[in-house]
Structures are given as structure tokens and as C-alpha cells.
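Reader: I have a structure to go through with you. Can we take it piece by piece?

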Number of protein chains: 4
Amino acid sequence: MDGPDNKGLIYHVTGVLFRHGLNIIRNDEYVSPSRQFFMRTEFEGNFDNEALLNELQTTLPPGITLRINPKKKKNIVVFVTKEHHCLAELLIRYAFNELDADILAVISNYNVLQPLVSKFGIPFHYISHEHKTREEHEEAMLRTLAIYEPEYLVLAKYMRVLTAEFVKHYPNRIVNIHHSFLPAFIGANPYRQAYERGVKIIGATAHFVNNDLDEGPIIAQNVKEVDHRHTAADMATEGKDVEKLVLSQALKLVFNDRVFIHGNRSIVL
Amino acid sequence: MDGPDNKGLIYHVTGVLFRHGLNIIRNDEYVSPSRQFFMRTEFEGNFDNEALLNELQTTLPPGITLRINPKKKKNIVVFVTKEHHCLAELLIRYAFNELDADILAVISNYNVLQPLVSKFGIPFHYISHEHKTREEHEEAMLRTLAIYEPEYLVLAKYMRVLTAEFVKHYPNRIVNIHHSFLPAFIGANPYRQAYERGVKIIGATAHFVNNDLDEGPIIAQNVKEVDHRHTAADMATEGKDVEKLVLSQALKLVFNDRVFIHGNRSIVL
Amino acid sequence: MDGPDNKGLIYHVTGVLFRHGLNIIRNDEYVSPSRQFFMRTEFEGNFDNEALLNELQTTLPPGITLRINPKKKKNIVVFVTKEHHCLAELLIRYAFNELDADILAVISNYNVLQPLVSKFGIPFHYISHEHKTREEHEEAMLRTLAIYEPEYLVLAKYMRVLTAEFVKHYPNRIVNIHHSFLPAFIGANPYRQAYERGVKIIGATAHFVNNDLDEGPIIAQNVKEVDHRHTAADMATEGKDVEKLVLSQALKLVFNDRVFIHGNRSIVL
Amino acid sequence: MDGPDNKGLIYHVTGVLFRHGLNIIRNDEYVSPSRQFFMRTEFEGNFDNEALLNELQTTLPPGITLRINPKKKKNIVVFVTKEHHCLAELLIRYAFNELDADILAVISNYNVLQPLVSKFGIPFHYISHEHKTREEHEEAMLRTLAIYEPEYLVLAKYMRVLTAEFVKHYPNRIVNIHHSFLPAFIGANPYRQAYERGVKIIGATAHFVNNDLDEGPIIAQNVKEVDHRHTAADMATEGKDVEKLVLSQALKLVFNDRVFIHGNRSIVL
């Protein structure tokens, strides 16, 4: 739940759960400096979803948004271009039941990763952007997505910018991995930029995609030390390990319904 | 508060606070695998401490331990031997009101740090251990402590082992910084041990002191990379920066009443 | 090269290379506190391997050990038990030509990872330890290894102790990943031990295997923060990401001939 | 030494040192992708500085820059504004002979840090910028610097931009600590910017000062994790520990003559 802060919010919610005999396993809340209240409550027991939701809503002041999410795997489609490392990380986790999601399909604008995907028995859709306008390409992808109706799209090193038109089909449901410590090195070739600037640390950022390039709410970041010996290519190689782990870490949070969005910031409870 | 887990604990506590018109700023709880419940609630407003405590206690099932701590600086005494870096860190933070504690005095078994302490106008007690039995030495320190009645003792590189007899005067109120990543390298000369073992990372550990050497609940740890070029002395030099920051970080948690003790483990809420 | 330190060692070696018209790309040297000299020189150009080695040896004082290693992939066999994460990391890197090694075969005392290995077209040998003495089991493995004649064995979460008899077939050529920050938590169930001790950081260690359990020269280590919420099982899950990256990082160093062994310590040049 | 790469550079230099009976303790070299050669050689023994320099220069091809720096403490002046943490770190290290430099004086545009500096017996010059043009203010500071003739200026949270005119008096001899992970958050209020962007990691950067704000060669960087609970003020508090250690780490490298400048990048040997 989230909404304007008010006295008694925790009390009212926990009261409803208590009267229903439900057991709270974990409860985390946060009040922003702007007095916005966020709470995530993990509970177990038997209940009627709609009835509980109604009772909670009548107990709470207006303006509070409430969701009850059953603990279940999310359905996702993964977008890639040519680089394998993030995709492979997701495929291995999926194959060994460690992803908290089912990968319904992989979509790519190149076919180089088809052999990898086929090892894992997952549909691979090669939708080239060549000889297509950006709109035609995205429409082709949307037609393919319509088959799968995924809850989330994961951009696992998908190297093309998505239009605002496309993004609005999946509001706050597209997760991207960017190969820099945002907001440093927005845009193309961040490792080249990092090398030119002579940084001593490189990083990666997983974030929700909104209309502005590399500008959505950040979910997770991590970094790795480099030194003058690292060429831009070396940084890219070293960076792959950071990218794939940051993406996995962010997806774990998102797929377990632990991420709230507050303006351009993420609240992780 | 902490005690055996039970349905409704959060509800009961937040209900009492709600009825008193008190506003919860932050609420964190944790249930251990052994079903022990811990909760730390930060709230603001006007109330009678004893009345509120009584009402909370009657609302809750037996076996729950409750404390209401006003937000205030702790009174501490710092123990040192010859090394300055942790002490200096505490003195500087204290001088600039960043310590969440008042340093009432410094006690040392050597007098080498007296000039540093005197710069900050804090009493320095040189209590040599020479020509004294361990018991005589500790009795002398206890007599000095009786002047100040500190709430916490901070061992900021105090290089002597305290007896169980001494420790029981300050149960869970002595914080030590050990210059290794415990439980690796318990005991003397941990950097020498680390060098001999050829580790690639060194660390420091802040922990509560109990009867067994280097065995109390860990509050905070941090690490730093080293390589084959680091001699034991180099590791000791590099390690100082880790030690002083880990100690400061741990004290910030302890002095803000954020640390619960559960067996030999710490719960930080 | 390595051996007792002496004036002029760098001068003599670089002189020979200079007279042969060879170009030094990278040169790193280290002198230990015990006055042992280590140098790794990367150079390019055309030369006769044996002639160059002879000339270098006659130029240098006795007691210096010299090797000229061509830049080429190493041949390896991977040992596993039931856990997939380190093996999968190696397989993916191998499949995309990022391993600096060819995986000739995988040997396991269980058959659970056969489906994963078969996706990558690599021979999988299931050699159960059941109904065999330790010696019989190791002899069976040695017979299989004789087919492949690997230069290195990689224990990618192989959960059985190897005998000194077995190890001496591959002196300083067996790399193991141990799931703790050694020397903390030697032996079985390190995450359980870490949980019981209440540590705030977990780690993993890649090391050469010698006769003593978890005691060989450390090649690489890394760590990850945990808190009181992590059960031993959670630590094991989080630790997998550290383990697989530390192993990969160590293998990159070993397979590029960057690791010297000096007593129980590794020198990485 | 540094200059265009050429075969035999290491050989020629080590040959001269060998013939002089000098013992190389440590030798590090680096060749950039643009074929620029850098080498730092630590050696011990008795020699005539000018004669050795001449002989080295005649042995080497033209275009190579050579310096022989005796191992000695640097003379520095520290600039501050109001924040104490970086200055205090330097003062404590200086007081305990851990700085590799002598602090000749502290200059500030406010007088708030005078009491701290006076504890350590170091001259404090309060040179207010009020009622002065930028040029007048800098001229006043240059007049004070003329008394001390420092080799390096350290900007330990000096919150005013220096003009190109001022900087050219100390080319590559001014070290600044910037409170962000550059190039993210250039300019004022980086923690405020970091908070607004919702980053999950904050950082600090020590760099040489050149004409462009926050744009000189980076010497060292480090980072610290934050989360949604950190306000901009909390980030500033947490960031102080990173800032002071990054500055100390960078100064240790600079004062030990380990940093070469190559365009806008630093080479640390």
C-alpha cells in the first residue's frame, strides 16, 4: 500500500489482518520526506482476496492505494540484441528454478543468440529492425508480445531505444540494465566514455524504463574497481559481471513485489 | 520490544500509540527462525513514559520485554592502549557533535595518547597495568569508572583481555573493535596471521564483549582488498581505516538503540 | 621467473629480449620480504623457444626458475557434485569463448548435472562414490582423467575431500572454490557456521588444493554483505553469486599464467 | 619517466642502475594504447643525482622525460571552507606522522575551523572572500602562499571554484576532493542531485584541478551504498567518511610520486 501519511495506518491494516487470523511474517514501512507512506506486509493464512481488500479499503482513509499480490512467479519476455551474458544468467536461473519468473519468450533484433536460447527450449523471435521504421519494428514486437501477454519485459542488453508509444503499453513494467553507474555516461558507449574520463570505478544500473532515455527509477546499482590498465574493451568485459548480477538482483526485488515507485525514485521494502 | 512471536503484536502496540495520538515515524520488526519477535518503533508526540509503558505491557502477552528509550546522547568512557586512530576518530566526531554520545573520559594502560586527548579537553586516566595483578588493574579501572557511571564502554584498540568479572559490570554495554574479519584470526596479531595465510582481503569487526575472547555478538564488519605486496605492517596500516569506520558505524547503531541481542547474534532494526 | 633476489635480474632478462628484437608489452616484478624475486614479462615477436630459454638461463645466476609460456588456452577437466552455479558459469564462458580454457570433460559423483552439461556438447562422466572406497573412487577418476590429460582440474563445488595421493598427480594444478572467506569457516557447512556466528559479511575463496583441507594458496577472494534477516539458506543463495565470480576471476589469472606460488601464498603479477 | 614507447627502455634504464651498483626495490611500467611509455623505478644505494640523471638521459632516446625524486615528505598547504572532516583526517595523520607531507598552513574563507587547526599548532589564515572580487581574493591567497612555497595545494572541501589564472600557478599540483562519483553530479550540491535522481550508491572523487570545474585527472574514487531511507542530508553525512578516505588515499599516491598524468587520465604506478 502507499498514499499520504496519516496516524494509525499500520494499526488499521494490522488490525484487519489480526481479526482475520492472518499471521504477519514481515512488515516494512517507509515515510518519505514529502509525507508519502509506503508499507509492504507479508502475511500467511486463509482468506478471501476480494473481501479482505474491501475491508482494508473501508478501514483506511481515502487516497491510499492497496494491492494484494499472491506469491507467484511472474510471466516475462526478455529482449536482447547480441550480447549473451545477461540473457545467459537469466536462462540458467530459470532452468534451475531460481528466477521467480517464467521466461515465456526471447525477442531479438539479431539472430545470434538463437542457439543459446534454443538450448533451454524457450521460443526465440528474431524480429529484425532492418528495412523497418522504428514504429513498424515496435508494432511487430507488440504483435509477438500479444501472444504471450507478459507481466514484465526485461531488457537484457537490448541496445535500441524504445519509443514512448511502446513504453506506455508496459508502464513501470519494463526493467532495463544500463552498463554504467547512472547518471554518469548516459547514452551510447558508456565504457568508452568511462575510459576517456579516466574513472577508477565502473558500474551498472538496473532501472525501470520510462519515456526518457536512461532516466527511469533506479532499482539497483553496483560497481567494480578498474585502473589505468583497463582499456574501454577491458572495462566492457569486466563490466559484464556487474551487469548480469545487478540485473538479477533488481529482478528478484521486482518479481517479489518489493519495489514501489515514488516519482523518479524506487522504494525497496 | 522482543519476545516470543504471537499474532497481533504489531497491531496491539500500534493501537496503544494510536489511541495516545502518537505518530509512528519508523517501524521495523523481525521474526527469527526460532520465532522470536523483535520490534523497534520510532514515534513522536507527548506522553507519560511510565503510563505508556504500563499500558503497552498490559496489552501484550507475557514474556515480551519492552523498553522506551528517549532520543538522547549516551554517556561513554573510551579505553585505549597506544594506537590513536580509533580514538582520534571518536574525538573528532565528538568535537563536532557527530557521535551521538558524550565522551566522559579516556582510560589507558599507557600514557602515549594523553597529548591527543588533552587537545579535546577530556579527562585522561593513565592506569598502568604494570606491577599489578589483572584483578588489581581492573579494580583500579572500576574505581575510575565509578566516578563517571558511563552507559557504555568503548574499547578503541584496548589491547588487553578483560576478565569475565569485569565484563559482568557492563553486560552488553562494552563495544570492542577487533582488527580482523572475525571469526578469522581470533587473538593476537591478526594482521600477521592474515599475512601468513596469504589472504586477499582484510577486515575489521565491531562486537559486544562477553566472557569469551573475540566471541560476542557482531555489530558491524567491513573489509578492504590487499594483495601480495602488502606486508603484515602494510595490512595493519591499511586496516586502520577500516577499523575506525567500522567502530564508528557500530557505535552509531548502538547509541541510537538500534541493536538487539539474540543469543550470540545481533539484530539491527 | 622466480628465485633468490639479486642485482641486475631485470637488466639481464630485458637485455636478452632486447638483443633478440622482442618487444616487452608488460613487465611486472615483485621481491618478497624474504628476498625472493618474481617477474612476469609479456613480450611479442619471433623467436626460437629453446634457444631463448637457454640464453636467458646462462645470463642469469643459478637458482632462478624460468618458464616461457606461449599464450594459449589451457585444457581443463571440471569436477562437480550437485550444485550448478559455478559449472554453469564456466560452461557459458566456454561457449562464448571467454574462459581462456577448453573444457575437455566434466566429472561428477552424481548425475544431476548431466542435462546441463549435455546442452553444451561436453563429455560428462558420472563416477559415483557409492560402494567404493575413497581410493577406488579416486582411481576411477584418475583413469578417466588419463583419457583427457588436462593441464588443470577445476573443483567447481566438488564436495568431497581429495586425498594427498590424488592431489600429488596435479601439483599446484587443482583450483577449488570454497564457500567461505577463508580461513573463517573451514570445512563443512560454512554458511551454517556463518549464520550461527552472526557475521555481517559472507565470502568465497578460490585457492590451489594441497594436502590439507582448505589450506592451499589463496588466489582470489570476494565478499557480500548480509544481515540478521539472512538464514543460512539465504546466505547460501546469495553466496552463489560470489562463488561463481571469484572462481572465474581466479581461473582467468591462473589460465593467463599470472599466478606464482610462494610457500602458502600466491603472487599475482 | 615517461615518453613514446620504444624497444629497450627498461633494459637501458636498469642497465645504468646496475652499473652504478644500485638495487631496484620495485619497478612498474605501463604502455598506453597510444604507445606512451610510463615507468616508475624505486631503487636504493649511493649515487650522485645529477650524474645519474645525465647518464640516464644520454642512454635513452629523445622525448623521454626523466625525474629522480628523493623519498621525502612534501610541503603542502590545505584549503578549507566550513566542513571539518577532511581537514581533521589530514591533521590527525600529520600529527601521527602518517601523511607523507608537512602541513605548512591552512587557508580558509571562513574562520569556523580555526579552533580545530589551532589544536595542532599549525598556522591558520582566514582570508574571507566577502567584499572582494574573485581576483582580489585569489591574489590575497597567493600572497599568503608565497610565504610557504608549498609543493602541493590540497582542497579539503574548499567550496569555491578557482580561476584558471590561479590554477596555472600550481599545474598538476592541486588535489581536490569532490563529493560525488564523477562525472556524475558535477557542480553544486551533488548529494541533493543524487537524492533527486534516486541513486543506490554515492561516491567521492579525488582529482587534480585543471581549468574546468570537476574535470581534471581522477586519482582515486570510492563509493558507499545508500537506499531510499537516505535523505540528501543523510547522504552527505554518510559521504563524509568516503570523502576523507578517498582524499587520504589519493594524497598517499601523489606524495609518494606514484601518479603520472596522461592527458586527462592518471596512471598510478
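Reader: How many residue pairs are in polar contact between chain D and chain B?
Author: Nine residue pairs, with both residues at pLDDT 80 or more. A polar contact is a pair of N or O atoms within 3.5 Å; within protein, one must be able to donate a hydrogen and the other to accept it, and residues adjacent in sequence count only if both atoms are side-chain atoms.

Reader: Which elements of chain D supply at least two residues each to the side that touches chain B?
Author: S2, helix H3 (85-95), helix H4 (114-119) and helix H8 (232-255) of chain D. Helices (H or I, at least four residues) and strands (E, at least two) are DSSP runs, numbered from the N terminus.

Reader: Which one gives the most?
Author: H8(D), with seven residues.

Reader: And what is that side made of, by class?
Author: Seven nonpolar, two polar and twelve charged residues. Ala, Val, Leu, Ile, Met, Phe, Trp, Tyr, Cys and Pro count as nonpolar, Asp, Glu, Lys and Arg as charged, and the others, Gly among them, as polar.

Reader: Before I go on, what are the ground rules here?
Author: This is a predicted model: local features need pLDDT of at least 70, side-chain atom pairs count only at pLDDT 80 or more, and totals for chains, interfaces and linings use all residues. Residues are numbered from 1 along each chain as its sequence is written, chains are lettered from A and ligands numbered from 1 in the order in which they are written, and side-chain values use heavy atoms, with hydrogens and water left out.

Reader: Fine. How many salt bridges are counted between D and B?
Author: Ten. A salt bridge is a side-chain nitrogen of Lys or Arg within 4 Å of a carboxyl oxygen of Asp or Glu. One example is Lys252(D) with Glu238(B), at 3.6 Å from N to O.

Reader: How many residues does each chain bring to that contact?
Author: Chain D brings 21 residues and chain B brings 21. Contact means heavy atoms within 4.5 Å.

Reader: What area is buried there?
Author: About 1700 Å², with carbon and sulfur atoms giving 57% of it. Buried area is the accessible area (1.4 Å probe) that two parts lose on being put together, summed over both. In chain D, the residues that lose the most to chain B are His84(D), Phe96(D) and Lys119(D), together 28% of what that side buries.

Reader: What rotation puts D on B?
Author: 180 degrees, with 0.0 Å of shift along the axis and an RMSD of 0.0 Å. That is the relation of a two-fold axis. Copies are superposed by least squares on the C-alpha atoms of residues with pLDDT of at least 70 in both.

Reader: Which C-alpha of chain D is nearest the axis?
Author: That of Lys119(D), 3.0 Å from it. The same surface serves both copies, as 100% of the contact residues of chain D recur in chain B.

Reader: Switch to chain A. How many residues of D and A are in contact?
Author: 34 residues of chain D with 34 residues of chain A. The area buried between them is about 3000 Å², and carbon and sulfur atoms give 56% of that. On the chain D side, Arg197(D), His228(D) and Arg265(D) lose the most area to chain A, together 26% of what that side buries.

Reader: How many salt bridges are found across that one?
Author: Two. Arg197(D) forms a salt bridge with Glu215(A), with the closest N and O atoms 3.8 Å apart.

Reader: New topic. Is Asn109(A) buried or exposed?
Author: Asn109(A) counts as buried, at 2% relative accessibility. Buried means under 20% relative accessible area, exposed over 50%, partly exposed in between (1.4 Å probe, protein chains only).

Reader: Where is Asn109(A) found?
Author: In the loop between strand S5 (101-108) and helix H4 (114-119) of chain A. Its side chain makes a polar contact of 3.1 Å with the side chain of Thr81(A). The side chain of His129(A) also makes a polar contact with that of Asn109(A), at 3.1 Å.

Reader: Last one. What does His12(B) touch?
Author: Phe18(A), Thr59(B) and Leu60(B), not counting residues up to four places away in sequence. His12(B) lies in helix H1 (residues 9-19) of chain B.
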